[in-house]
2 protein chains.
Amino acid sequence: MAQTVDAALIIIGNEVLSGRVQDANVRYIALKLNDAGIRLREVRVIGDFEDAIIDTVNSLRATHAYVFTTGGIGPTHDDITSECIAKAFGVPLKRDPRAVECLLRQIKPENLNEARLRMANIPEGGTLIDNPISHAPGFSIGNVYVMAGIPRIMQAMFDGVVATLNGGLPLLSRSVTLFAGEGTIATPLARIQQGAPDVEIGSYPFMREGRFGAVIVLRGTDAARLAAVAAEVVTMAETLGVDARDGDLPPA
Amino acid sequence: MAQTVDAALIIIGNEVLSGRVQDANVRYIALKLNDAGIRLREVRVIGDFEDAIIDTVNSLRATHAYVFTTGGIGPTHDDITSECIAKAFGVPLKRDPRAVECLLRQIKPENLNEARLRMANIPEGGTLIDNPISHAPGFSIGNVYVMAGIPRIMQAMFDGVVATLNGGLPLLSRSVTLFAGEGTIATPLARIQQGAPDVEIGSYPFMREGRFGAVIVLRGTDAARLAAVAAEVVTMAETLGVDARDGDLPPA
């Protein structure tokens, strides 16, 4: 594999862990990072607990080029992300006049109560992340980017952030769908992987109308190599008498 | 909070990290664990990399009553979960005759090739987890439960597993939807939380048709206490002149 830049994502909030909501942020971030040449290596979903947030941020920022967080930067008592990030970095959390300005774009001065002003508390040394939707900013400090949890707002913040990151070559992918059980194609597929160390080959089984199959996903940074390995997979399938079609299985 | 039993979930596989698919297993497991009185404390999504799997399993099994994994127990080269679990526990991975029997329920003997037989390799001391869909079993060892990644198969395995776990009182939840920005209700809501340490109060903001609101989610083990705190939230909203309705916001 060409040199890649690694990232981790921390989803902060009890609502995914309790099953109340389905996560809606991982996929958006993952796909944009691929385009930026940054590989999402790990996602952690943790609750609104100070120790968990501090430990997770400090562990991941030491081992990844970039760390992104979503959630916990609103005005309510369970929004503790900003103060935990300040503690993780060992810096004070301060009312930031630039952030107050942002809030005043959305909130009338007479409604800017103490709870809402908490959203302008930023760890010292932080750089604001623009929120073009509801204006309460996110921030970055060191290699950690702190964003809102509401998907539409997170997406707008992340679109601004991702343009500023230093990635490698875009991570491309290409799929071939095989209509056979994985056990039928496992050995020749492993042989193709051995011969193509520059391409990461994944096999993702599916069941569709009682029939087993596998989507073979090729990832790498060189489109011509992905095309060549995809052709090898198709040839392998033909040799085995297995139906193959270019591309992913359409959603059920 | 009444004493609860904690669990962690590890989603193993590159397909969620690459953004190819949306995770479909967290929510199913989270909701069933609530019913079983087990609190899902953390989810980690990691790739098919030996070091990541071993380190993550060993870290989480030391700190949680139960650890569940999904993915990576098929027959292809990228299915390395079982051997990594064996290494994490420091035990050999062995061909298990009971697991071979399971495979033979689905696979004709002449098709039981070496790749498929890998699915019968189980860490020594493991207990099989029944797979009523496609028969290739999962397994548990210590407090770690290793399941398939395909949602339908994972769900069937987990339904069998969850009945055997020792949880606490079921974790109940109750919601009140408030049609006001979080900043409007943050301070009185924090006061309600201070007076109700036995109920975990979360505030989840939403934007719907340009209007801000928040779903207040109450979690705990005592239905009467949840009802009492929900009534406090409704009274608080009435005092502020904020529209409130019992229950969660319907999906958009």
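The model is a predicted one, in which local features need pLDDT of at least 70 and side-chain atom pairs count only at pLDDT 80 or more, while totals for chains, interfaces and linings use all residues. Residues are numbered from 1 along each chain as its sequence is written, and chains are lettered from A and ligands numbered from 1 in the order in which they are written.

Because 5 of the 5 residues of β3(B), which covers residues 66-70, are buried, this strand is largely enclosed by the rest of the structure. Helices (H or I, at least four residues) and strands (E, at least two) are DSSP runs, numbered from the N terminus, and two strands are said to pair if DSSP finds at least two bridges between them. Strand β1 of chain B (residues 5-12) runs parallel to β3(B) and is joined to it by 5 bridges, with B:Ile11 standing opposite B:Thr70. Strand β8 of chain B (residues 144-147) is also parallel to β3(B), through 4 bridges, and here B:Val67 stands opposite B:Val144.

Strand β1 of chain B contains B:Ala7, a residue that is buried, with 26 other C-beta atoms within 10 Å. Leaving aside residues up to four places away in sequence, B:Ala7 touches a set that includes B:Leu33, B:Ile38, B:Leu40, B:Tyr66, B:Val67 and B:Phe68, two residues being in contact if their C-beta atoms, placed from the backbone, lie within 7 Å. The C-alpha atom of B:Ala7 is separated by 9.5 Å from that of B:Ala30, although the two residues are 23 residues apart along the chain.

The contact between the two chains takes 48 residues from chain A and 47 residues from chain B. On the side of chain A that touches chain B, the elements that give two or more residues include α2 (26-35), β2 (38-46), α8 (182-194), β10 (200-208) and β11 (211-220) of chain A. By class, this side of chain A has 19 nonpolar, 16 polar and 13 charged residues; Ala, Val, Leu, Ile, Met, Phe, Trp, Tyr, Cys and Pro count as nonpolar, Asp, Glu, Lys and Arg as charged, and the others, Gly among them, as polar. Strand pairing also links the chains, in that β2(A) and strand β2 of chain B (residues 38-46) pair in the antiparallel sense over 5 bridges, and the bridge partner of A:Val43 in β2(B) is B:Val45.

In chain B, 4 strands form an open sheet in the order β10-β11-β9-β12, with antiparallel pairing. Strands β10 (200-208) and β12 (244-246) of chain B stand at the edges, each with a single partner strand, so one side of each is left without a neighbour in the sheet. The twist averages 25° from one strand to the next, with axes taken as lines fitted to C-alpha atoms, for helices over the stretch in contact, and angles running from 0 to 180 degrees between N-to-C directions. Within this sheet, β9 (residues 172-178) and β11 (residues 211-220) of chain B run antiparallel and are joined by 7 bridges, B:Thr177 standing opposite B:Val215. Helix α8 of chain B (residues 182-194) packs on the sheet, where it touches β9, β10 and β11 of chain B, and its direction makes about 170° with that of β10(B). Helix α9 of chain B (residues 223-240), in turn, lies across β9, β11 and β12 of chain B and runs at about 10° to β9(B).

Chain A likewise has an open sheet of 4 strands, in the order β10-β11-β9-β12 and with antiparallel pairing. Strand β9 of chain A (residues 172-178) is joined to β12(A) by 3 antiparallel bridges, and A:Leu178 has A:Ala244 as its bridge partner in β12(A). Helix α9 of chain A (residues 223-240) packs on the sheet, touching β9, β11 and β12 of chain A, with its direction at about 10° to that of β9(A).

Terms used: A residue is buried if 20 or more other C-beta atoms lie within 10 Å of its own, exposed if 12 or fewer, and partly exposed in between; C-beta atoms are placed from the backbone.
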